[in-house]
Amino acid sequence: STGIGRRDVLIYVHGFNQNFETAVLDAARLSDGLKFSGATMLFSWPSKNSMLNYIYDRESALWSRDAMEEMLDQLVREPSVGTIHIVAHSMGTMVTVEALRQLYDRRGASMSGRFGAVILASPDIDMDSFTSSVARLGGFSRNITVLTVAGDRALGTMRDMAGGVTRVGIAEKEQLDRLGVRVI
């Protein structure tokens, strides 16, 4: 924690093809696995929980960015909240990056000190959108760590569905390094 009476927060944002119940369990497992001592939250967006509903889920994720931005803004303004950490998976990374971009536009660099690690696991974001968002986030982008998996078949399929546009989760490490984010 960062100060007396302040409690750090870990937010988990689920990905594509997941229901609320499994997302809650994943958030609990993540928190337990990290032995996180603060409060753990789940930001859940409406997923159809079906492999055949990728477009529906993508639209739902984009629609949810305003709600996530508002939640993050409330946490940033709350005196009892210490450092805010985020772990987002797959399509949930798109919601997260969009919400952080909007919050940064609203609050500027003053919000940066409230956030710790922002982990984007297998990000299902197109490389052009991610590059633009990272540029808008300025120095805040140093908080971001991208976890990639070479040969991720799901992201390869999403790339093909998106007309061949590279997904961040399967981008070349050198491409991501140039953006100033950490890559694992």
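Reader: What makes strand 1, helix 1 and strand 2 a right-handed unit?

Author: Strand 1, helix 1 (residues 20–34) and strand 2 make a β-α-β unit. A crossover is right-handed if, with the strands pointing away from the viewer, the path from the first strand over the helix to the second runs clockwise; this unit is right-handed. The model is predicted, with local features needing pLDDT of at least 70 and side-chain atom pairs pLDDT 80 or more, while totals for chains, interfaces and linings use all residues. Residues are numbered from 1 along each chain as its sequence is written, and side-chain values use heavy atoms, without hydrogens and water.

Reader: How do you know that strand 1 and strand 2 pair?

Author: Two strands pair if DSSP finds at least two bridges between them. Five bridges join strand 1 (residues 7–13) to strand 2 (residues 39–43), so these strands meet the definition of a pair. They run parallel, and V13 has F43 in strand 2 as its bridge partner.

Reader: What joins strand 1 to strand 3?

Author: Six bridges join strand 1 to strand 3 (residues 81–89), again in parallel. Y12 stands opposite V87 in strand 3.

Reader: Why is strand 2 called an edge strand?

Author: The open sheet has six strands in the order 2-1-3-4-5-6. Strand 2 and strand 6 (182–183) each pair on one side only, and they are the edge strands.

Reader: What share of the chain counts as buried?

Author: Buried means under 20% relative accessible area (1.4 Å probe, protein chains only). Of the 184 residues, 48% count as buried.

Technical notes:
Buried means under 20% relative accessible area, exposed over 50%, partly exposed in between (1.4 Å probe, protein chains only). Helices (H or I, at least four residues) and strands (E, at least two) are DSSP runs, numbered from the N terminus.
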